[in-house]
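Have the sequence and the 3D view side by side.

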Amino acid sequence: MSIRLKLSLLLAALFCTAIVNSIFTILLEGYGEEKLKWVNHTHDVIIVSEQFLGAMKDAETGQRGFLLTKNTAYLEPYHTGGLAAKKYIAELRLLTVDNSDQQARVVEIEDKMKLKFAELTQTVELAQMKNLEAALDIVVDNRGKLYMDHIRQLLSSFINIELILLEQRKGDYSKYRAQITTLMAVEFMVFIVLALFTVVFLQRDLFAPLKLLLKSAKIVEKGKPLVIEDIIEKNEMGHLLSTFYNMSDKVFERERELSHQAEHDQLTGLKNKSSLSEDLNAMLQRCRPKSMMTAAIFIDLNLFKQINDNYGHDVGDLMLQETARRISSSVSHRDSVYRFGGDEFLILASDIEHNCDIQSLINRIISAFEAPAVIKGTAMTISVSIGAAVAPIDALDGETLVRYADIAMYKAKLDEGSSYRLFEPTMVQSSSNNE
């Protein structure tokens with residue numbers, strides 16, 4: 001077989017391999033995006049489920065507050081909670097359209113929700129008609145509590161199934177990443193073998209004879225006798241190997257990008273809750289030997305639903321992005337900022353030596369929101385409620401620490417005279433009573 005034919009076949013083989021590898025890489029990227037989409041979908045289902053339960057609690061809290069105080073201000077959370085709960089249950093129906101079992105559970109939850117709202121509406125209307133005694137009799141017979149307990153049980157079962165699905169889908173995504181790594185190793189070996197074969201072939205059959213011929217011609221020109229030598233030197237195959245390296249970098253870069261998307265909120269760029277538990281445990285373990293403190297700071301936007309309703313969700317999204325930017329600018333490089341869900345944000349601050357450091361951080365956050373935000377040409381005030389809890393003073397484990405910070409934030413939201421509250425043990429009992 002001639003050198004020209006061998007070289008043509010080798011180049012054709014390399015070209016076909018590169019094309020197949022590119023097509024295969026594109027297909028794998030699409031497959032990975034599909035896996036990531038289902039991970040995010042399950043996250044959305046869990047978040048909406050939690051938002052639904054929060055809306056139900058808001059409606060019930062408003063009803064109880066109105067019955068106990070006759071203050072019509074409590075009807076605002078009652079009405080907004082009811083509207084939000086109906087909205088979230090509709091979202092859950094759409095999100096579970098691919099899962100008939102979960103959709104059946106959503107229907108059952110919705111039925112119990114209607115019974116609960118019927119009980120709430122009846123008591124509120126009786127109270128408005130000055131028949132408070134009859135309204136309280138309905139509350140005392142515990143029908144509403146039974147409805148709410150049933151909703152919690154159904155929702156807990158619903159969320160547990162979604163958490164199982166989330167772990168399965170995250171496992172599928174991890175398995176996909178492992179397969180990508182294995183395939184990259186195989187591709188790397190294939191290209192290395194082809195490159196070595198090319199080097200050997202070109203060196204032996206083309207460059208070595210050509211270089212020997214040129215050297216011999218120079219010797220003849222000088223009138224010296226020829227001495228045949230074996231001349232074996234490296235050739236220029238770098239461009240072929242660089243093709244492989246470039247494609248490998250592209251795949252690994254895409255893998256890093258997909259991993260980043262799975263762990264970060266797409267709207268704000270902040271971390272989402274997927275890595276919160278792992279990050280928090282790592283902070284607690286790092287601070288414990290040094291006798292340092294770790295703080296969880298919960299931040300909630302006030303009146304965010306009204307902004308969405310009055311200005312539209314596009315303005316709401318811009319406000320969330322501005323909020324994320326201001327919070328991020330207030331913390332140090334050691335701290336982590338998360339979008340906890342909806343209009344809620346969480347800061348994990350580590351390596352804290354004194355309580356005054358926590359107060360200083362909260363003051364910086366509050367100062368960051370003093371100036372109004374100009375969104376689409378309109379100056380808007382961003383109001384936040386802040387709650388903070390500290391480990392190991394308030395809690396020893398991460399889950400409890402975050403829950404206590406949430407409780408403190410809720411107390412700050414109820415307290416019109418303060419934009420923040422530090423956790424106190426008495427808040428736990430008070431929070432339980434409100435529920």
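On a 1 Å grid over the protein atoms alone, a cavity is a set of points where a 1.4 Å probe fits but cannot get out, while a pocket is an open set with protein on both sides within 12 Å along at least five of seven lines. Lining residues have an atom within 4 Å of a point. Grid points are joined across faces, edges and corners, and a volume is the space filled by probe spheres set on the points.

This is a predicted model, in which local features need pLDDT of at least 70 and side-chain atom pairs count only at pLDDT 80 or more, while totals for chains, interfaces and linings use all residues. Residues are numbered from 1 along each chain as its sequence is written, and side-chain values use heavy atoms, with hydrogens and water left out.

A search of the whole structure finds two cavities of 30 Å³ or more. The second largest cavity has a volume of about 30 Å³. Its lining is made by His-41, Val-45, Leu-95, Thr-96, Asp-98, Asn-99, Glu-162, Leu-165 and Arg-169. Two elements give two or more residues to this lining: α1 (3-69) and α5. Helices (H or I, at least four residues) and strands (E, at least two) are DSSP runs, numbered from the N terminus. Helix α5 gives the most to the lining of this cavity, with three residues. By type, the lining splits into three nonpolar, three polar and three charged residues. Here Ala, Val, Leu, Ile, Met, Phe, Trp, Tyr, Cys and Pro count as nonpolar, Asp, Glu, Lys and Arg as charged, and the others, Gly among them, as polar.

Now turn to an open space. The second largest pocket has a volume of about 210 Å³. Among the residues that line this pocket are Val-39, Lys-170, Tyr-173, Arg-177, Glu-263 and Ser-275. The elements that give two or more residues to this lining are α5 (143-221) and α6 (238-263). The largest share, five residues, comes from α5. The lining of the pocket holds three nonpolar, five polar and three charged residues.

Next, find Gly-81 in helix α2 (residues 75-95). Is Gly-81 buried or exposed? Gly-81 is buried because its relative accessibility is 2%; buried means under 20% relative accessible area, exposed over 50%, and partly exposed in between (1.4 Å probe, protein chains only). Leaving aside residues up to four places away in sequence, Gly-81 touches Ala-55, Asp-58, Ala-59 and Phe-117. Contact means heavy atoms within 4.5 Å. A charge sits over a ring if NZ of Lys or CZ of Arg is within 6 Å of the ring centre and within 35 degrees of the ring normal.

Rings can also pair with each other. Rings of Phe, Tyr and Trp (its six-membered ring) pair if their centres lie within 6.5 Å; planes under 30 degrees apart count as stacked, over 60 as edge-to-face and the rest as tilted. How many aromatic pairs are there? The count comes to two. Phe-298 and Phe-340 form an edge-to-face pair, 4.9 Å centre to centre, with 65° between the planes. This pair links distant parts of the chain: Phe-298 is in strand β1 (residues 293-301) and Phe-340 in strand β2 (residues 336-341), 42 residues apart. Phe-298 is buried, at 1% relative accessible area. Phe-340 is buried too, at 17%. Tyr-404 and Phe-423 form a stacked pair, 4.1 Å centre to centre, with 5° between the planes. Tyr-404 lies in helix α11 (residues 398-414) and Phe-423 in the loop between β7 (420-422) and α12 (426-434), so the pair ties together parts that are 19 residues apart in sequence. The charged end of Lys-273 sits over the ring of Phe-340, 4.5 Å from its centre.

Finish with the backbone. A cis peptide bond joins Ala-391 and Pro-392, with omega about 10°. Pro-392 is in the loop between β6 (384-391) and α11. Leu-303 is not a glycine, yet has a positive phi of about 60°. Leu-303 counts as exposed, because its relative accessibility is 55%.
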